[in-house]
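User: I would like to go through the labels attached to this model and ask what each of them rests on. Please set the values against the criteria as we go.

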Amino acid sequence: MEIVAGVHQLKIPFPEGMERFTNVYVIEGSKGNILVDCGWDSSEAVWAFREELRLERLSFDDINWIVVTHIHPDHFGLAAKLRELCGAKIVMHRIEASLIDSRYVDYRQLAEALENMLVSNGVPSEEAARMRDASARIARFVTPIHPDVLVEDGDTISNGTFQLEILHTPGHSPGHICLYDSRKRRLFCGDHVMFDAVPRIGVHPQSGSDPAGDYARSLEYVLEKPVSFVFPGHGPVFNSLTIRSEEILRRHAAMQRQIAEVLDDGLKTACDIAREIGWRPGEGDVSYDDLGFRERRAAVCEVIAWLRRLVEEGKVAALERNGTTTYLSK
Ligand SMILES: [Zn+2]
Ligand SMILES: [Zn+2]
């Protein structure tokens, strides 16, 4: 669907019947088209790509650049195949590119580091192993490839019609980027800000030490820009960036408050806390024990991210004992 002049949204399905889509965008220009994000590598995704391009009267051949906002499988998985089909150059942030091999090519070390981190945060070792395996399984929907062009904050990609500035927006992922056209006031923002979902933030071996703090700073960064249309990686296109950002910050603050309250009862690990609070989807009404292993892993990683913020703010103290980290209110 051509949402605004020159910007086409294609909806690429998740694999295995998961009822979700990645929004990818084809941005038309006098000197070629730019594709923003790719979707998972699955036969359904390739089929959807072909079909949606055909309906939009677009073709693979006209795509000259494939910009990957971040290397999560739903944005990066199909990049290698699309590069071949389009003959295009893959563009991503330097930091994100540096994470590809350890995440998708040989992930044994990363998986081990993740498992150790989970155990040291109170996850029973058998459960931590299942969480590790659940994460590794999704790698089959990613064909890893290295980018042709590395970009940094402030760089520009132009296709003659759109001048897209790269905004480095770490938080959801450390090398996450948004694309911003200041003349047309368009923001392509991957998973940084979504209208109907709160972006996942979590501490894990590739996240950096304070992803929640990074995220809040990155949100402020995009809020400095005048924006008329926001094109997110999932869910509807919207124009109320400021209002939506405030809602997300309120949700994050509520999460932090909830964690601080749980800690009023005494010393706890991140896993103890994850068990005591409600989880998405369903806006916090799903209990930890009802989540799949991948979601449980994300829940524990998210609790650690908020705990790090609370420690940073001086509200909570972290204690290390016998290889386990516990937290208490100050
Ligand atoms: Zn993501
Ligand atoms: Zn995503």
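Predicted model: local features only at pLDDT ≥ 70, side-chain atom pairs only at ≥ 80, totals over all residues.

User: Why does Arg183 count as exposed?

Analyst: Arg183 has 7 C-beta neighbours inside 10 Å, and the limit for an exposed residue is 12 or fewer, so Arg183 counts as exposed. Its place in the chain is the loop between β10 (177-181) and β11 (186-190).

User: How far is Arg183 from Pro226, in sequence and in space?

Analyst: The two are 43 residues apart in sequence, while their C-alpha atoms are 9.6 Å apart in space.

User: What describes the packing of helix α6 and helix α7?

Analyst: Two packed helices are described by the angle between their axes and the distance between the axes. For α6 (residues 108-120) and α7 (residues 125-137), the angle is about 145° and the axes are 9 Å apart; the crossing in which α6 passes α7 is right-handed.

User: Which residues make up the contact of α6 with α7, and how do they divide by type?

Analyst: From α6 come Ala111, Leu114, Glu115, Leu118 and Val119, which meet Ser125, Ala128, Ala129, Met131, Arg132, Ser135 and Ala136 of α7. By type, the residues of this contact are eight nonpolar, two polar and two charged.

User: What makes a set of residues a nonpolar core, and how many residues has the largest nonpolar core here?

Analyst: The members must be buried residues of the nonpolar kinds listed for a core, joined through C-beta atoms within 7 Å. The largest nonpolar core has 84 residues, and those with the most contacts inside it include Leu35, Ile66 and Val303. Helix α11 (residues 293-312) gives the largest share of this core, 10 residues, and at least three residues are drawn from each of domain 1 and domain 2.

User: With which residues is Val303 in contact, leaving aside its neighbours within four places in sequence?

Analyst: Val303 is then in contact with Ile259, Ala270, Ile273 and Ala274.

User: How is the protein divided into domains, and how many residues of each are in contact with the other?

Analyst: The division is into domain 1 (2-103 + 145-248) and domain 2 (106-138 + 255-329), whose C-alpha centres lie 28 Å apart. Between them, 16 residues of domain 1 are in contact with 17 residues of domain 2. On the side of domain 1 that touches domain 2, α5 (100-105) and α8 (211-223) each supply at least two residues, and the residues of that side divide into six nonpolar, six polar and four charged.

Technical notes: Residues numbered from 1 in each chain as written. Chains lettered and ligands numbered in written order. Axes fitted to C-alpha atoms, helices over the stretch in contact; angles between N-to-C directions. Helix = DSSP H or I, 4+ residues; strand = E, 2+ residues; numbered from the N terminus. Left-handed = near helix turned anticlockwise from the far one by under 90°. Contact = placed C-beta atoms within 7 Å. Nonpolar A, V, L, I, M, F, W, Y, C, P; charged D, E, K, R; others polar. Buried ≥ 20, exposed ≤ 12 C-beta atoms within 10 Å, placed from the backbone. Domains from an automatic or database assignment.
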